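Please read them with the structure open beside you.

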Amino acid sequence: MSTPEFSCVVTGGAGAAALRASVDSVTGQSMRATEALVVLPADCDPATRAAAGRLVTDRPGRVRLLLADGTATTTGALRNTGLEAARGRHVLVLGPGERLQLHACRNLWEAAERTGADLVAGRWSRLTGEGTKEREPSWQQQLFARSRTLARFTDAPELTVRDALVTGFCLRREALERHGLRYAEELSRSEILFGPLAAAAAGRIALVRRLVVTGRAESDQDLTGVLRAHRSVCNALVAQGLHDLCEQRERAFATDRLVPLVRTFPRLPAAERERIVSAAARGLADSVPDAVRETLPPLERVAVHLLARGDADGVLAASYALHRPAAVAAPLVTGDDGRVRWPVPPTGTGVEPSPGIDVTELGHQYRGFGELRLMNRLTRCASEDGRLLLEGHLVLPAHAAPDPGTPLTAELEFRVRDGARAFRFPVTGVRGEATAIHWRTHADLTRVLRPLGARDTVWDARLFVEAGGTRSVSDLFAAHDLLDRADRFTARPRLGRLAGDTWEPYVTLRNHLALRLVPTNRPARALRRLVHYATHFRPARKAQLVLKALRRRRDRWRSRAFKAPAYNTWLCRLPVRRGSVVFESHMGKCYGDSPRALYEEVRRQGLRLHCVWSYESSPQGFPADARLVRRWSWRYLWALARAEYWVDNQGFPQNLRKRPGTTYLQTWHGSAYKRMGFDETRVRMQNAPQRRRLQEAVRRFDHFLVRSAHDVHTLARAYRLPADRLLATGYPRNDALLAARARDESEGRLPRPALAAALGIPDHKKVVLYAPTFRGGPGKRKRRRLPLDVARFAERFGDEYTLLVRAHYLEAARLPVCPPGTVLDVSAHHDVTELLTLADALITDYSSIMFDYVLLDRPVVLFAPDLDAYAAARGSYFDLREKAPGPLVETEEELFAVLGRLKATDIEFRQARAAFAEEFGHHDKGDAARAVVAAVFARHLSRTSREAGR
Amino acid sequence: MSRSRDVFIVSNSTDELGGVTAWTHRTARLLQERGHRVRVVGIHASELKMALPDAPGHPVTALYPAHPPTPWAPKGLRDRLRVQARRREAARVREKRRAVQRLSGIFRTADPGAVVLVTQVWAMEWVGEADTRGHRVIGMSHESYDYSRASHRYRWIRNHYSALDRWLVLTEEDADSWAGDGMNNVGFMPNALAGLPEVPSPRTGRCVASIGRLSDQKGIDMLLDTWALVAPQRPDWRLGVYGAGEDEAELKERCTELGLDGSVRWKGRTDDVPEALADASVFVQSSRGEGFPLALMEAMASGVPCAAFDCAPGVREIVRDGEDGLLAPAGDIGALADRLLRLTGNPRLRDALGERARVNVQRFSEAETVRRWEELFDFLER
């Protein structure tokens, strides 16, 4: 055979089968000019050796076997032996058990030839927890988002920050020899160091978005080796002056290696935990720099800190907290400075005592004894005189500890999984201490716990502790090695011994204590197997298939794809019901906005109309005196088909036809800053049928409310609405705002509306409403991070302001924990107008809410950190900077500065705000609802109400 | 020069009006000129014939005289009982078997080591069943990833191409997208530029040209909206719209509505693109979707600077924004108008971009593309 293009070095170490799989993946490559170099140590086990021998004879010329001499003991030394013997133009090293993807060599070769790169790297995947599935590390997604060529390895920081180059790359052999690249033989995990060194030495690097290696197994067994290799990489980076990369690497190491290791702790035996912790303490002592540690999230910080200090017990608690972030896993202490700290016990001599780790961000300090989820650590679980002996303690943070004198009572409960039935056991030895409540109980499972025996075989344990009227509920946390398999108890199910005869305590996947009913006698085991067969194998599958088919059919009848044609062909033939109106606001998400204002006006005038409101998920908050129908239900379609009027602010389902006898009043939900409808680039790029559908949907509107000439130029044009469909009345929802303004001017702001009391806002605090706009596109509703850090706001202005946060109705906000009364999530509140009248100031970005709020003549602050990007991406109708009704700020610092002197800036902007209100709300005069009712429902106005309206 | 090979180019149709047919015959000619033995196979002959240049120098075979019937998928019990449909289906299967046998026979005329180029995934229905032992099969997709993703061809490509030696898309970006979906045997190969006109456009005429079918995909409606923003500021400039298509009447109506009749010239379909570009100084493309647009390359070859929507990787691949043309975010009419205003208002910018475009676009020249094909053939033998 001539010179191969690729030499792949494979070392033994994972057994004969793994070796064969690796070599097969090399010789089976779609590129045929590849050779496999199998390097085995001198003292290799005979099975592997024999397998390697067979591979050589089976594939002559494609596989070479090299036996290292006795001095080569580490994997690094074996690989170096392979590198020296390689003849191919490119070399590639496979770890134990790793396999090359079928086209790997072709893809690497092609990239190397095309770009002239010395090092070509691609994606690799590794085995997950159980070793049955494979997954790629999450950071690879970004590193390999596009194939690219790098002039230097620092152009892609992940290459050295993460362990991206542990496998899945090839090197030009000529470059390998030129730079004398070899594995460090003294390191047991030398591949962690080799990759970054090769990247630093290689000139040009190509990254290809192709899968190269699969089946990588990463074990945490050799923590010392991993730590040493990691340290060598950091030293190498520092030696090159790349301190920033080194710091990033430390952080990535903590989150990628250390934290996952800590998370495995409850499943490990105690001895193993001790071994890992002592290895970590040796390798990590004062190595994770403080600067790095401080930037980690609080629980991760605790885990890394305790690991470095060698505190096995503390790490176990931290592990529990990582699994359940809402749980308190340590007796937290609040310092004089108001900071909350996770205490760190002193360890041995020579290590200075630590003041504790700051975990204030978690917000545990704002909750009391009954509200906190406390870790209940089980310390003993044994059998005593046929009864279950349980001993444990409940962790108590200092601020939540009940008064020392308070009597404590406790009860242990076993509750059936997914059910309501429960049995309780008294707990006798309850003893309160400063940092913990110790408890101990004997549970007579045999006598008290009487299951039926079928469908109730698993029971979860919980402990109730009551102190002075407040009750704390906690699951029992147990490390998996705490339980002795021999501790079993006789069970007496009501169905008899055939259903099971033994209680077996075990630890669940979530690391909590539970009991399961198991059969030990032969007939019971046989019956259990039989039942298991019937419920899990062929009979059950048959039944499941039938059920699934039935369910599919039922779902089809319930689907919109079925309902819409049924509506369009059949329901639309029903006679129109005179005087019936269907109201909908924001696609049924709330009872608010202009449809609500109109509905209330209709009721106030006593019009004889049959009103129907549509709701999306829950009828709560909708008016009781209207008929309520769920959106897309048959009743909803029935109501729509028969309605004489449709009133809506966004759009009834696009694929529902509007019959000629129905009048559609589209109130719309706000003036436009960003481009809408056919002015939107997303819509313009849609294909013809999609655009036609939108056009058809918009053509249904018979009346469209506008607030000013601006709306006519923007919205009406964007939706191609003819002029005779526009009603220049202003928005009915804004009548309340103008009324509130009149009241402000005559009576002042206080007393506040009743809503303030309902939200618990005291009179001395000012209310600021934060309402950012929608940033997503069409698709699933997502929880997004708010652009404003509300925790910082609460810290700074918590005493002065209450911040109401209103996420867009298509999104939900995720708020951090803040002191009570400082930040309230009002996203679920039905009517935004009520919130506007309550707010003393508004913070928003591009939301149409600003066009309405200016009618109140109260301060507006525009916080738009991404103004230019947003305007470029979505397009805008005018320059916000030029017309802004209030200060426009782009950073949080500026925002806080503006809020600090709100009064002064308010005077500055009074003129601009008035001009803004005039330009965008010219028609808003405070009588919009009456005007719209008069225009649309004129036929239904009785003589008296017509006179009253005059 | 590497050794000569047998090359089979298999496409949906031998003479259907469209870009892929043109590509097929041009590539066949190029490979033939390099000494390869080329044979073009179409699954069927088409009714809507393309005007092919004089007799091709390579054998052309069509397996079916017309479009073969599509497979029968019975819906419901009643459908299953239709005897006639069953017989039709049986006849279709028989015909297909015969066509596959004929295809295998064609492949067997070559010694092992030949290359089978499948230009469209539909043809794989036959090639996949034919006997290709000893030959290398290369699949191709002449559209962008996003365009495939939105159509049924995505599934077809995944089913038929994943087992091939290699298959090709038009740009590296598309290849990356496919690789992200687990297709690791994907490579890329750009289309070739037909030819370089002897003389570039003098860029003196005050005319902006657009060449493309008058259909929704080409976005001429957006071009008119764009021109409505440009025309008032450039009263002495004209927009020349070349091409014909199903939306013609609608577009002309829209043009009148916008009051652009004075400055828009409807030039109809053209077969001589360099001639059309000769009196244009700026080229504009406002498509909703593209693969590797030939018109853009031809404009650049004529030294006409381009303004285009950045709607597909192929466009980005051809035009380097600010260097040899100007790109606007897809669908952003204001931005495209801005690019046009910059180009029409600045003769020096036009000259700089146009000259650079004429040089840069030659990286897609026929000689260069044939070299890449030869490289690929060699590569697949390694």
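This is a predicted model: local features need pLDDT of at least 70, side-chain atom pairs count only at pLDDT 80 or more; totals for chains, interfaces and linings use all residues.

1. Two residues are taken to be in contact here if their C-beta atoms, placed from the backbone, lie within 7 Å.

2. For chain A, the domain assignment gives domain 1 (1-96), domain 2 (101-220), domain 3 (264-287 + 294-366), domain 4 (373-520), domain 5 (562-730) and domain 6 (748-920). The centres of domain 5 of chain A and domain 6 of chain A, taken over C-alpha atoms, are separated by 28 Å, and the contact takes 20 residues from domain 5 of chain A and 15 residues from domain 6 of chain A. The side of domain 5 of chain A that touches domain 6 of chain A is made up of four nonpolar, nine polar and seven charged residues.

3. Nonpolar side chains in soluble globular proteins tend to be buried together. In this model the largest nonpolar core has 155 residues, and those with the most contacts inside it are Val38(A), Val120(A), Ala303(A), Leu307(A) and Ala318(A). Helix H14 (residues 312-323) of chain A gives the most to this core, contributing eight residues.

4. Which residues surround Leu307(A), once its neighbours within four places in sequence are left aside, as contacts? They are Leu258(A), Val262(A), Val277(A), Ala280(A), Leu284(A) and Val315(A). A second, separate core of 93 residues includes Tyr719(A), Leu804(A), Leu835(A) and Leu895(A).

5. Chain B is assigned domain 1 (6-192 + 365-381) and domain 2 (207-364), and the centres of these two domains of chain B, taken over C-alpha atoms, are 32 Å apart. Between them, 15 residues of domain 1 of chain B are in contact with twelve residues of domain 2 of chain B. Helix H7 (172-180) and helix H15 (366-381) of chain B each supply at least two residues of the side of domain 1 of chain B that touches domain 2 of chain B, and the residues of that side divide into four nonpolar, seven polar and four charged.

Definitions and conventions
Residues are numbered from 1 along each chain as its sequence is written. Chains are lettered from A and ligands numbered from 1 in the order in which they are written. A nonpolar core is a set of buried Ala, Val, Leu, Ile, Met, Phe, Trp, Tyr and Cys residues joined through C-beta atoms within 7 Å. A residue is buried if 20 or more other C-beta atoms lie within 10 Å of its own, exposed if 12 or fewer, and partly exposed in between; C-beta atoms are placed from the backbone. Helices (H or I, at least four residues) and strands (E, at least two) are DSSP runs, numbered from the N terminus. Domain bounds come from an automatic or database domain assignment. Ala, Val, Leu, Ile, Met, Phe, Trp, Tyr, Cys and Pro count as nonpolar, Asp, Glu, Lys and Arg as charged, and the others, Gly among them, as polar.
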